[in-house]
Every structure is written in structure tokens, then in C-alpha cells.
Amino acid sequence: MKVAVFGPARRVGVVHEGSVVDINAAYAKYLAETSSAARPLAEAAAAVPAQLNAFIEEGARALDGARAALEYLLDQAQDVRGVTGEQLWFGLDETRLHAPIEGQSRILCALANFADHMQSAAENSHGEDTEATINRLLAGGPKFFVKDHRAVSASGDPLRYPARTQRLDYEAEVAVVIGKSGRDIKGDDLASHVWGYTLFNDWSVRDNVSFGPDFMYSKNFDGSATIGPWIVVNDGLDPQDIPIECRVNGDVRQSGNTRSMVHSFAALAEHLSRDTTLLPGDLIASGTPKGTAVDSSRQGPDGSFPDTLFLKPGDVVEVSSALIGTIRNEVVKPTD
């Protein structure tokens, strides 16, 4: 099942064959026409909420209700209008899909979590300080940083080129969406806490990057966390076998798989949940495989990188997975 957030009211929808269905309203219709429910709208609001995190928290009841409502609309319903006559079906080309995350949810990002990415960066580095930094990042347990939820963008949104950089980079990633609260989660129990999977582009500024207190400055700017286009739920995906690819202007730059993660999603969740409760709707991003502009560019003696592979206004970046979908953004001028 593909669960999206759509329209002006940011309601939960289920994507089906080029359309998105308002699943809360569809479930109210299902109750009104197939049961003795006295208050179908109120019952639908409780069982199949219209807002994402409430829908996620409702767990199996919401998913079962969504599935029943969709099957009813497809096979039995006499029309596709809601209880009050409202529209239930929307073409993906006639409505806006938002990033499938709510504002209070955290975006927790793995750092230095694909060996090929770090190896490529090491091979293209010049200074001993760079090599030492890479070795430090790879040593020990998981490393992570946080993306500001106010930096979120959706597929189709223009990505405003940050005026402070001359080296804007892309990072194709997979993210797991937490479905059940948990603290001190054991790695082998992760499956019971994962609700679904989505795509993530960790846009990054590469000028004068420091892995010190100001590191997140290079990771947070308007639009720098593209998420979507939806969350794939209950499709039997193996979190450690999801392909991921990035194309820039149609050319493949990255092609990897989560099986190559240094620290698995289970290890990341165990690390991140120590003394900290992970909540429904929180995202954990995988880190990125090799092929980014920074790890594919040869560093000069002065520490600089050629700008050939870095993004420029007008570039179109697509992050995709055959098991999830595609997010696509065009980079635009800082003044746009």
C-alpha cells in the first residue's frame, strides 16, 4: 500500500493506479453503506484518521480500514462520492502530494554509512586531514545528524540553490518510518517498530565542511530534506535489500542498495533509541552510496574540488527505487 499526504488540507490518501483516494472519507462511505454505524464520519475519524501521524499511530486498524474502503470503492460502491457528496478520487496530475511527514516528526540521518561512498571519498581526497576525518567517521558505532523538519520539501518542489554555496550536492537515500513508539529498541525487534519506507534526498552544501559543531549548517537550508513521494506500507520489503538510484539530468550518478549499509537500520534504531523514545512518524535515513559529486571529484592540493559534478541551477535531480517510487526536483536560482 502506498500512503500519501495530499491536497490543501494535507489529508492521508492511498495511491492506486495513477490516482489518490481520500481514505478517511472513503472509509466513512464504506461504514455508512455497509454497516449500521450511527455516526460514520466520527467512527472514520477515529479508526482511519485523515492526518498522517494519527493514521500511523492507529496501526493495523487504520490499514485494515483503508484496505476495506478501497476494495469497496473498486468493487461494490455505486458511485465514488463521499457521505456528504465530496470528491474521493483525485488524479495524481490534478492534486499536490506533500512530503509524507508531519512537522513534529524527527528526521534522523545516518552519516558515513556506506563504505563505498567513504572509500571513494578517501581515494579522491588529497590531504592527510581529510583521510583522518574519514577514518574517524568510519570508526566505532553509528554516526548521525538531524535535519530540521522546517527544511522539508516534496517531489516536484523547486530546490532553491543556496546563495552561500558553490558546491551543492545530492544524496539518494532510503528512510524507514517509525510506526510504534519505542525506547531502547533492540535491533532484532526493529521490524515491530517500522511502519513503512520512503525516499529521501539529503541535499548538502560541500563548501568548507566541518565535522564539528557547525556541521548541520551544511545540511540544513530551505528544501534540503526532500521526502516522498509516499510511504510504502505492508509490502513485505526487506529493509536491507532496497535498491536506490540518483539521476542528474537523466544520467545515473548513484546506484546502490541498502544491503551495503555499514550499520543496518536495526543497528541505527538501537543506537538512536538509547534513552530516547522514537515516535510514530519519525524517520531514520540510511546514508548514501557512492556517486555523490563530492566523493566523485578529485580534491586539489589546496583542498578544493572541481565544480564539474556539483549541481547548478537548471539541473533536475531524481532519486528513485523500483520498490518505492521517484522523487524529482529542479534546482533553481537563489533569486527564484
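For a chain of 336 residues, a compact globule would have a radius of gyration near 20 Å, and the 21 Å found in this chain agrees with that. The model is a predicted one. The C-alpha trace spans about 75 × 45 × 30 Å along its principal axes. Of the 336 residues, 54% count as buried. The chain holds 8 helices and 19 strands. Among contacts between residues at least 6 apart in sequence, 73% join residues at least 24 apart.

Helix H1 covers residues 23-34 and has 12 residues. From its first C-alpha to its last it reaches 16 Å, close to the 16 Å expected at 1.5 Å a residue. The buried residues of H1 are Ile-23, Asn-24, Ala-25, Ala-26, Tyr-27, Ala-28, Lys-29 and Leu-31. Their cover includes two strands, S2 (11-16) and S3 (19-22), and also helices H2 (40-47), H3 (52-57) and H4 (60-75).

Most residues other than glycine have a negative phi, and most peptide bonds are trans. Arg-10, in the loop between strand S1 (2-6) and S2, has a positive phi of about 55° although it is not a glycine. A cis peptide bond runs from Gly-228 to Pro-229, with omega near -5°. Pro-229 belongs to strand S14, residues 225-233.

Another proline, Pro-306, sits in the loop between helix H8 (293-296) and strand S18 (316-321). With a relative accessible area of 39%, Pro-306 is partly exposed. Once its neighbours within four places in sequence are left aside, Pro-306 is in contact with Ser-297 and Arg-298. The C-alpha atoms of Pro-306 and Arg-167 are separated by 9.0 Å, while the two residues are 139 residues apart along the chain.

Notes:
Residues numbered from 1 in each chain as written. Predicted model: local features only at pLDDT ≥ 70, side-chain atom pairs only at ≥ 80, totals over all residues. Heavy atoms only, no water. Helix = DSSP H or I, 4+ residues; strand = E, 2+ residues; numbered from the N terminus. Expected span 1.5 Å × (residues − 1). Buried < 20%, exposed > 50% of the residue type's maximum accessible area, 1.4 Å probe, protein only. Contact = heavy atoms within 4.5 Å. Rg over C-alpha atoms; globule rule 2.2 N^0.38 Å.
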